[in-house]
Amino acid sequence: MKLARYIVATVILILIAVVILIRLPSVQDRLMIAGVNSAMLSSSVDLHDDSLTALVCGSRAPLPNPNRAEACILINAGGNYYVVDVGDGSVSNLRDWRIDGSKIKATLLTHLHSDHIADLANLHMNTWIAQSRPKRLDVFGPAGVELVTQGFEDAYQLDYQYRNEHHGNEVAPLEVVGFDPHPIDLSNPVIINKNGLKVTAFAVPHDPVKPALGYRFDYKGRSIVISGDTKYSENLIKNAEGADVLFHEAQANHILKIMEDVANNAGRPLGAKIFQDILTYHTTPEEAAKAANLANVDHLIFYHLVPAPLNSLMETVFFRGVNKIRKEWTAAEDGTMVNLPIDSDEIIISNIN
Ligand SMILES: [Zn+2]
Ligand SMILES: [Zn+2]
């Protein structure tokens, strides 16, 4: 009893001392120095140079969710990075995780909806200022990608000039500012073939968005397929055949129906119309599970979730029925990482947050 009283008194004294000390500028400065050191000098996330890796930098679609960015998957193939789609908030994730911008070799856009391109300017900035990018940022995408890159360049032309004048050409080199767009011609579907990595583009149905693409990454015997936005697609199944991991978009139409009814009852017919319109150009979780089975993929990861679950109850409702179709699946969050070591069959799934 005496000992307990002694411990309580000591803890109270320590707390009082901390409250007093933290008001002293010299103590505050020491804590700031330690904090800034830790924030600026901490090492970047290890994406495993001897692997094919996917890191989800955005797992939602336009419907808002406070803990998720819009569509984005970073692929690492032996130390070379490729960013597949770059929706709102995704570059903030990459920066928070201290992803090395100088390793980003290109951006691949699946299609030109806003939730896949909104952060392109921030990705450009992150690979330009004080980086070592040797050329303009390569952007692969469907026909029309050149309009998107031109638009971003026009909008940011003054920003490029201001930063170059302010920081100088060594920090903000004008020779490599902007984008090199590469519209994809599906009669030549292999868009990248170097350093052991082959990237193949294929068409997916997402009408009225035409063309819309998916991508397959093959690296030293390991493979990852990304669906992009699509309704159930035979062509995706064909192109995903035998892949280690399939990232497939998913939309829970049974939840959208509830949202449509709520919007109608609240006197918001325009909102209700949107929920009705989008029912037909995405894939339900059960359809995506079926596609993964038909393609014989080892693991299915649901991403681009519409609407992205806000809690575990909503997640249970979202994926209702999937376990009856297949067992090997994961629901992506921002930070979900899949590591496929070369010379191995292992699929290692973790979250870096
Ligand atoms: Zn989308
Ligand atoms: Zn879309």
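Predicted model: local features only at pLDDT ≥ 70, side-chain atom pairs only at ≥ 80, totals over all residues.

I began with Y81, which stands opposite I104 in strand 4. I took strands as DSSP runs of E of at least two residues and helices as runs of H or I of at least four, numbered from the N terminus. Strand 3 and strand 4 (residues 104–108) pair in the parallel sense over four bridges; I call two strands paired if DSSP finds at least two bridges between them. I then followed the chain from strand 3 through helix 3 (residues 90–96) to strand 4, a β-α-β crossover that is right-handed. The handedness rule is that, with the strands pointing away from the viewer, the path from the first strand over the helix to the second runs clockwise.

Residues are numbered from 1 along each chain as its sequence is written, and chains are lettered from A and ligands numbered from 1 in the order in which they are written.

Next I looked at the other partner of strand 3. Strand 2 (residues 72–77) pairs with strand 3 in the antiparallel sense over five bridges, and A77 stands opposite N80. The two strands make a hairpin with two residues between them, and G78 in the turn has a positive phi of about 60°. Is strand 3 mostly covered or mostly open? I found it mostly covered: four of the five residues in strand 3 (80–84) are buried. For me, buried means 20 or more other C-beta atoms within 10 Å of the residue's own, exposed means 12 or fewer, and partly exposed lies in between, with C-beta atoms placed from the backbone.

Eight strands form an open sheet in the order 6-5-4-3-2-1-14-15, and the pairing is mixed. At the edges I found strand 6 (179–183) and strand 15 (348–351), each pairing on one side only. Helix 6 (residues 145–167) packs on this sheet, touching strand 5 (137–141) and strand 6, and its direction makes about 165° with that of strand 6. Axes here are lines fitted to C-alpha atoms, for helices over the stretch in contact, and angles run from 0 to 180 degrees between N-to-C directions.

Within it, strand 9 (residues 209–219) runs antiparallel to strand 10 (residues 222–226) over five bridges, and I saw Y215 opposite I226.

Which residues touch the most other members of the largest nonpolar core? Of its 78 residues, I73, I75 and V245 do. Such a core is a set of buried Ala, Val, Leu, Ile, Met, Phe, Trp, Tyr and Cys residues joined through C-beta atoms within 7 Å. Strand 12 gives the most to this core, with six residues. Beyond four places in sequence, the contacts of V245 include A54, I224, H299 and L340; a contact means C-beta atoms, placed from the backbone, within 7 Å.

Last, I wrote down the overall tally: twelve helices and 15 strands, and 39% of the 353 residues buried.

Technical notes: Contact = placed C-beta atoms within 7 Å.
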